[in-house]
Amino acid sequence: MFVELTDHTMNELLLIEGLKRKDKLVFDYIFNYYYSSLCAFSMQYTNDRSASEDLVQDLFVSLWMEAHNLKISSSLKSYIFTGVKNRCFDYQKHQKVVKKYEAYELFSSKNGDRTTDNYFAESELRLAIQKSFEKLSPRCREIFELSRLKGLSNQEISEKLGISKRTVELQISNALKIFRNELIEFLPFWLLTWLIG
């Protein structure tokens, strides 16, 4: 089947090839051409200009670092906008984790956990959490961190690691059992379940 290449398509192909060669002129051209629109696009998801700029800059750093391995089957524009959108989703998930931690901090402060005695209790809790992580197998720890610290869904973890969704669920379940057994004496059950469940 014969596919006619338009001038636009040819230009995109040249830009993509230039990226793969790490051509600085091509990279600068793409950066200057798309940067402002990518930041505006990212703002729709983050509502934070500084965060949006960081996410867009991270995309371009990734483009440059992984230039030789680029596989762009769609248009260049679609590829980089999708890259920014995925980073925005990761950012949103991370913000949820941050808010959960802030809520815990607020709970602690309202209940007088800033006393000297409780400072040592918090240190013991951190140590217990660290020991709990050390009891996890490397694969279990990786899956748990992707789930609870980076906010990935079980399906996303399955696709990222190339394992079944059921395996992800079992590994997370095993990790939670270990955490509940190790941390039950430090936190009320409902708070422990909310934080890691």
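Helices are DSSP runs of H or I with at least four residues, and strands are runs of E with at least two, both numbered from the N terminus. In the predicted model examined here, the elements of the protein chain follow the order α-α-α-α-α-α-α-α-α from the N terminus on.

The protein chain has 197 residues, of which 32% are buried. Its accessible surface is about 13,000 Å², and carbon and sulfur atoms contribute 54% of that area. Among contacts with a separation of 6 or more, 60% are between residues 24 or more positions apart.

Empty space in a structure can be located by rolling a probe the size of a water molecule over the atoms. The second largest pocket holds about 290 Å³ of space. Three helices, H4 (76–110), H6 (138–149) and H7 (154–161), each supply at least two residues of its lining. Helix H4 makes the greatest contribution to this lining, with five residues.

The lining of the second largest pocket consists of Asn86, Phe89, Asp90, Lys93, His94, Leu146, Leu149, Lys150, Leu152, Glu156 and Lys160. By residue class, the lining comprises five charged, four nonpolar and two polar residues. Charged residues in the lining include Asp90, Lys93 and Glu156, while Phe89 and Leu146 are among the nonpolar ones. Asn86 and His94 count as polar.

Conventions:
Residues numbered from 1 in each chain as written. Predicted model: local features only at pLDDT ≥ 70, side-chain atom pairs only at ≥ 80, totals over all residues. Heavy atoms only, no water. 1 Å grid on protein atoms, 1.4 Å probe; cavity = no way out; pocket = protein on both sides within 12 Å on 5 of 7 lines; lining within 4 Å. Points joined across faces, edges and corners; volume = space filled by probe spheres on them. Buried < 20%, exposed > 50% of the residue type's maximum accessible area, 1.4 Å probe, protein only. Contact = heavy atoms within 4.5 Å. Areas by Shrake-Rupley, 256 points an atom, 1.4 Å probe, with all protein chains shown as cover.
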